[in-house]
Number of protein chains: 2
Amino acid sequence: VIIGDLTERELVARIQDQLPPPPPWMLVGIGDDAAIVEPERNRLEVLTVDALVEGIHFDRSFTPPSAIGHRALAVNLSDLAAMGASPRLALVSLALPPALPCSDFDEMIAGLARLAAEHRMHVAGGNLTRSPGPLMLDITVAGTVKRRQALTRAGARAGDELYVSGTIGAAAAGLLALRERTGSAETTECVARFLYPTPRVRLGTLLGRTRAATACVDLSDGLADGVRQIGASSGVGAELDGAAVPIDPAARALFRSHGVNVDEAMTRGDDYELLFTVRPRSGSRLKAARRHGGVGLTRIGVCTASRDFVIQDSNANCRRPLPAGYTHFR
Amino acid sequence: VIIGDLTERELVARIQDQLPPPPPWMLVGIGDDAAIVEPERNRLEVLTVDALVEGIHFDRSFTPPSAIGHRALAVNLSDLAAMGASPRLALVSLALPPALPCSDFDEMIAGLARLAAEHRMHVAGGNLTRSPGPLMLDITVAGTVKRRQALTRAGARAGDELYVSGTIGAAAAGLLALRERTGSAETTECVARFLYPTPRVRLGTLLGRTRAATACVDLSDGLADGVRQIGASSGVGAELDGAAVPIDPAARALFRSHGVNVDEAMTRGDDYELLFTVRPRSGSRLKAARRHGGVGLTRIGVCTASRDFVIQDSNANCRRPLPAGYTHFR
């Protein structure tokens with residue numbers, strides 16, 4: 001059975017089969033012209049949208065449907081995490097090639113529904129349309145945050161210390177391995193990091209609640225881009241300690257074996273870690289985030305009054321410009 | 001200059017050039033990981049998303065870019081109108097073929113920005129990505145409504161009278177004329193109705209505020225579908241007076257001259273009128289909507305306890321089933 005055999009109503013029913021019952025604050029959910037929800041008291045609303053397009057963001061020949069659904073939601077949750085917000089609901093807009101097998105559709109929805117359930121968020125509605133070519137998922141997510149706990153890219157000052165969560169480069173290495181179909185024990189974890197990224201929602205909300213972070217961004221477009229984003233919005237530069245940057249060891253090995261410059265761990269995207277800044281000598285504020293954030297934190301450098309972005313490689317005793325970030329169009 | 005010559009940042013700047021400054025309630029707008037907005041006090045939130053996909057919903061060879069931008073927002077505003085909600089903000093997700101001329105991009109954004117300004121709503125954020133094929137616009141709109149003024153599809157009872165705003169079939173006839181490249185004085189208005197639909201936001205909010213309507217739906221998928229949607233959600237059937245259905249005269253002529261059954265005015269989509277129900281003998285409640293709604297209202301039938309959907313053609317003295325609605329997939 002393929003998508004083209006079903007009506008829109010049948011497809012909507014297949015989605016609803018995989019969703020939990022709507023919560024009391026969702027007064028009108030899927031099935032009307034629009035959804036109606038009660039806002040959460042004393043909270044600001046945080047909204048973001050992100051698209052995954054076949055042939056640009058994923059290749060169906062090596063990406064399982066459940067990973068497509070998972071990633072489409074995860075990239076949005078990562079954006080909320082970077083604002084310190086808790087996810088609440090999603091709107092799911094899908095453009096479906098008629099030849100897509102229904103079993104792939106169901107698995108894709110399962111991947112999405114699983115991640116939504118993990119974060120106790122609900123699908124409030126969406127849109128289904130045929131696609132004349134690529135499969136596309138466009139997801140809008142709404143979350144909430146208390147006024148004084150919101151994180152932006154704009155709060156860093158010179159002297160603030162730069163931290164990153166987890167390790168970087170693994171997703172890019174995983175994609176490389178998938179593309180070249182090179183399987184090994186080492187690649188397995190990198191591949192999983194690419195296919196099923198973990199948005200750092202718990203860490204983000206903790207950084208906001210404890211007011212440990214002065215600025216925050218997610219690394220969807222890579223570490224180099226993230227550093228420049230915080231710098232541009234906050235009006236600072238940055239000096240990174242090259243030896244401190246937590247490049248994933250398996251990714252490092254994978255890059256080397258493929259003849260790829262290890263710097264690409266910093267410039268390729270698809271890491272869904274958080275990069276954030278902390279006032280100097282306030283490292284103790286990170287205690288709760290370290291203990292309950294669910295992921296390691298590494299100090300990788302400092303914000304500077306000079307607007308330059310540099311890496312100091314203490315090992316190699318060399319100072320060089322931070323590579324440019326990933327750009328989508330050019 | 002084409003899209004592929006520019007960076008994402010340059011494209012975002014081109015969009016921002018066409019937007020008004022953000023309102024005070026938009027605490028973080030375009031340019032961070034997500035937008036942050038203050039919810040409106042004592043209001044429920046209404047959310048909807050709709051996609052326009054090249055090759056499915058529009059054909060670039062005969063649709064001007066400004067109409068593409070206008071329509072992508074208008075279809076969402078029409079959904080809000082059907083809930084009785086006032087639009088507040090939009091998130092704009094675009095998948096752009098690299099060969100798209102930048103002048104087309106600017107015109108498309110202009111069409112969208114113009115309609116947004118008319119409704120005093122603001123773009124809070126969005127997403128830009130390359131497309132490997134079709135141009136796609138996926139727009140999420142958020143609005144607000146007072147708790148007791150929200151309209152759904154589910155409030156109609158047997159005996160309620162069915163009303164429709166404006167005339168139907170003009171957009172479908174306009175699309176026909178565009179496809180066949182048949183231009184005449186009569187087609188001009190139909191073509192405009194297809195390219196630049198007017199979402200009935202003022203009417204929808206008035207129907208909610210005055211509590212004149214018991215159920216409401218927009219006619220994006222045609223009148224026949226709309227009647228069935230209200231019927232299914234409310235648990236009623238409907239009997240339409242065929243002679244009363246306000247088929248646009250120019251559309252009727254155009255269908256005839258193209259050998260198309262005039263019933264297709266009811267089954268083709270793209271009318272962005274409202275269909276709603278009113279308690280019997282409460283027609284006086286419609287006074288404000290008639291006076292200030294900006295569009296004519298026509299009584300076209302009645303809801304019935306029997307779950308059938310029929311048309312009574314008093315002229316022809318014949319009773320027949322309501323044609324089936326438009327389906328997206330099959």
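Me: Buried area is the accessible area (1.4 Å probe) that two parts lose on being put together, summed over both. How much do chain B and chain A bury between them?
Reply: This is a predicted model, where local features need pLDDT of at least 70 and side-chain atom pairs 80 or more, while totals for chains, interfaces and linings use all residues. Residues are numbered from 1 along each chain as written, chains are lettered from A and ligands numbered from 1 in written order, and side-chain values use heavy atoms without hydrogens or water. The contact (heavy atoms within 4.5 Å) takes 65 residues from chain B and 65 residues from chain A. Carbon and sulfur atoms carry 59% of what the two chains bury, and the total is about 5,600 Å².

Me: How many salt bridges does the rule find across the interface of chain B and chain A?
Reply: A salt bridge pairs a side-chain nitrogen of Lys or Arg with a carboxyl oxygen of Asp or Glu within 4 Å. Over all chains, the search of the whole structure gives 36. Across the interface of chain B and chain A, the count is eight.

Me: Nice! Which residue of chain A forms a salt bridge with Arg153(B)?
Reply: In this pair, the closest N and O atoms are 3.5 Å apart. The partner of Arg153(B) is Asp32(A).

Me: Which strand gives the largest share of the side of chain B that touches chain A?
Reply: Strands are DSSP runs of at least two residues, and helices of at least four. The leading strand covers residues 44-53 of chain B and supplies nine residues to that side. Its name is E3.
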